[in-house]
Amino acid sequence: MNTPMDKQPMRFQKRDALILQTIQDYGGVLAKRHIHDLFWRGKSERAMQNRLSKLQAGGYLDWPSLEQRKIHPIPEPITWLGWIGALQIASQYNLKVDPPKSINENQLRGLELGLRKKGFRWLREPRWSQLHHDLTVIDVRLKIEYDIKRKKDMVISRWINETDFRADYDQVVFSYKDRQGVLRQKKRGVIPDGYFCLVDQKRASQSLPAKVHFFLEVDMATHDTPSFGIEKVAVGAAYIHSQAYARRFGSNSGRWLVITTGEARMRNLMAQTAERADKDSSLFFFSTFTELFSHHCFEDQMWSVCDSSDKQFLLPRKE
């Protein structure tokens, strides 16, 4: 980070605060195109870049240095919170942490640790090896949020990022058969790519069951299908049935949404799901990136399930 301590103060605007908060809410890093779509849609990218550059110069934002661009796979322009931006957001939560006395690695690590002890997780740098995956998860989340805004009486009441799960995850014991057919048990932490709770406001107003819990698994085809069947499917099904899940989410109902790269990959994942989850395979709904970004994910028949050759609706149809 190249932010000297003696920078002239800039005039901090309301939109600036919203940009910082959005970056934090979406896991700590956004592509610049995400920020453009959210805050400068219909306007030039130059106007956005001019403002972001001022925020970066003021220490509110950071983005890859020349050295980082040389050594890390960076698929597109990105930005994350600088140390002043992290303190700005922390102050909105009434968290008091001393700023660094100088800008060096030890001081910034100390600030990161101090914020973490207060319950605030500042992403100092992206997870470089997972960056493409993490940006794709944000694309999927934004599409889900866009679609739910166009659905009457339905709202997303809560979203939990992967980073939040990593900081506070549940563990489950699950059973599976190895390659020799021997039944084994393992204990695993459950860290989905995201979670959201969908609320039917009309049903809620009538004191009827109104919540549906969804977990997101964005599959970039980087794991072999047997690994997916054990580490994702068996673990995911066991989690929904667990006491830890009930304590955290108030019930033992939920569904996993698996979005992957194409039809062939999806069919392979579904075959593993049918094998590893058996009767619990109904907890998993599958689609592809092409289907997701070309359909309304709550209104269209675009989801595949293991026990049917026909595409399904994600939610029950209302009369």
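Me: In which sense do E2 and strand E3 pair?
Reply: Keep in mind that this is a predicted model. Strands of a sheet pair through backbone hydrogen bonds, either parallel or antiparallel. E2 and strand E3 (residues 78-81) are joined over 2 bridges, and the sense of their pairing is antiparallel.

Me: What is the order of the strands in the open sheet?
Reply: The edge strands are E1 (29-31) and E2 (61-62), each pairing on one side only. The open sheet has 3 strands with antiparallel pairing, and the order is E1-E3-E2.

Me: Are H2 and H3 roughly parallel or roughly perpendicular to each other?
Reply: Two packed helices are described by the angle between their axes and the distance between the axes. For helix H2 (residues 32-39) and helix H3 (residues 45-57), the axes are 10 Å apart and the angle is about 110°. Angles of 65 to 115 degrees count as roughly perpendicular. So H2 and H3 are roughly perpendicular.

Me: How many charged residues are in the contact of H1 with H5?
Reply: Helix H1 (residues 14-25) packs on helix H5 (residues 83-92) at about 90°. On the H1 side, Ala-17, Leu-20, Gln-21 and Gln-24 take part, and they meet Gly-85, Gln-88, Ile-89 and Gln-92 in H5. These residues divide into 3 nonpolar and 5 polar, and the number of charged ones is: no charged.

Me: Why is the pair of Tyr-195 and Phe-249 called tilted?
Reply: A pair of aromatic rings is described by the distance of the centres and the angle of the planes. Planes under 30 degrees apart count as stacked, over 60 as edge-to-face and the rest as tilted. The rings of Tyr-195 and Phe-249 have centres 4.4 Å apart and planes at 40°, so the pair is tilted.

Me: How many residues apart are Tyr-195 and Phe-249?
Reply: Tyr-195 sits in strand E7 (residues 194-200), while Phe-249 belongs to helix H11 (residues 243-249). The pair links distant parts of the chain, and the separation is 54 residues.

Me: Is Phe-215 buried or exposed?
Reply: Phe-215 forms an edge-to-face pair with Tyr-239, 5.9 Å centre to centre. Buried means under 20% relative accessible area. Phe-215 has a value of 0%, so Phe-215 is buried.

Technical notes. Residues numbered from 1 in each chain as written. Predicted model: local features only at pLDDT ≥ 70, side-chain atom pairs only at ≥ 80, totals over all residues. Heavy atoms only, no water. Pairing = 2+ DSSP bridges. Helix = DSSP H or I, 4+ residues; strand = E, 2+ residues; numbered from the N terminus. Axes fitted to C-alpha atoms, helices over the stretch in contact; angles between N-to-C directions. Parallel < 35°, antiparallel > 145°, perpendicular 65-115°, else oblique. Contact = heavy atoms within 4.5 Å. Nonpolar A, V, L, I, M, F, W, Y, C, P; charged D, E, K, R; others polar. Phe/Tyr/Trp six-rings, centres within 6.5 Å; stacked < 30°, edge-to-face > 60°. Buried < 20%, exposed > 50% of the residue type's maximum accessible area, 1.4 Å probe, protein only.
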